[in-house]
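Subject: Structure for your review

Dear colleague,

My notes come after it.

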Amino acid sequence: MKNILLVIALAVLTCCGTAQDKKDNVANADSATAKEQEKTQNETTMKALVTYFSASGVTRNAAKQVADIIGADLFEITPEQLYTDADLDWRDKTSRSTIEMNDKTSRPALKDGGKVPNLAQYDVVYVGFPIWWYTAPTIINTFIEANDFTGKTIVPFATSGGSNIKKACEDLQTAYPNYKFGQGKLLNSIDKADIEAWAAVVK
Ligand SMILES: Cc1cc2nc3c(=O)[nH]c(=O)nc-3n(C[C@H](O)[C@H](O)[C@H](O)COP(=O)(O)O)c2cc1C
């Protein structure tokens, strides 16, 4: 009888132990699922927008590739009055671009005021432009001033005939000290892995 009771007691203990193990396993699985959900949520909430101004198409092409590679939305920064070839003649002291770039307070008007629709949904805003006279065209100032980038990261990128983006980034950071800027990038050539690595640093 004693032996029978002992066997029953052992069976109950073994059974309870197994149930506890199962509970632990379920708890661990729940916590892993919660972590996975949190990770997915972070990835989906860090939404990026690629904006660009392009006078002759080179930056537009770069912007489209960036948006495609990182899976971002695209927004064109469109001047109210498009730039003609004569406007872009940097050798002409009287051309529109020369006049604008000689006056750092110039703010060329943008179509529809340059406001990004639904800007609130984006955490990272890439801003692309051609380098003009070693820096960003003043129409980029119009764009930045037309929108509220508080709480977002602005990431400059540019195309050029050979100049780097350093001065453009410094000028923008100096002009807008209250905004957070990510690392700028010159995109005269596009490398997918390079773009992915750059975008990963911003997040
Ligand atoms: C007014 C003007 C000024 C420019 N200044 C520079 C410059 O300082 N350094 C440079 O490397 N390229 C300069 N460029 C060349 C452009 O940056 C380059 O062609 C750019 O890729 C054009 O981009 P987009 O086609 O998107 O307008 C200038 C072009 C223009 C029209």
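What follows is a short account of what was found.

Please bear in mind that this is a predicted model, in which local features need pLDDT of at least 70 and side-chain atom pairs count only at pLDDT 80 or more, while totals for chains, interfaces and linings use all residues. Residues are numbered from 1 along each chain as its sequence is written.

The protein chain holds six helices and six strands, these being DSSP runs numbered from the N terminus (H or I of at least four residues for helices, E of at least two for strands). From the N terminus on, their order is α-β-α-β-α-β-α-β-α-β-β-α. Of the 203 residues in the protein chain, 26% are buried, which requires 20 or more other C-beta atoms, placed from the backbone, within 10 Å of a residue's own.

Around the ligand there are 20 residues, of which Ser54, Val58, Thr59, Pro130 and Gly161 come nearest; a residue is counted here if its C-beta atom, placed from the backbone, lies within 6 Å of the molecule. Helix 2 gives the most to this shell, with three residues.

Helix 2 (residues 58–70) also meets helix 6 (residues 192–202), their axes coming within 10 Å and crossing at roughly 70°, where axes are lines fitted to C-alpha atoms over the stretch in contact and angles run from 0 to 180 degrees between N-to-C directions. Helix 2 is therefore roughly perpendicular to helix 6, a term that covers 65 to 115 degrees.

With best regards

Note on methods. Parallel < 35°, antiparallel > 145°, perpendicular 65-115°, else oblique. Buried ≥ 20, exposed ≤ 12 C-beta atoms within 10 Å, placed from the backbone.
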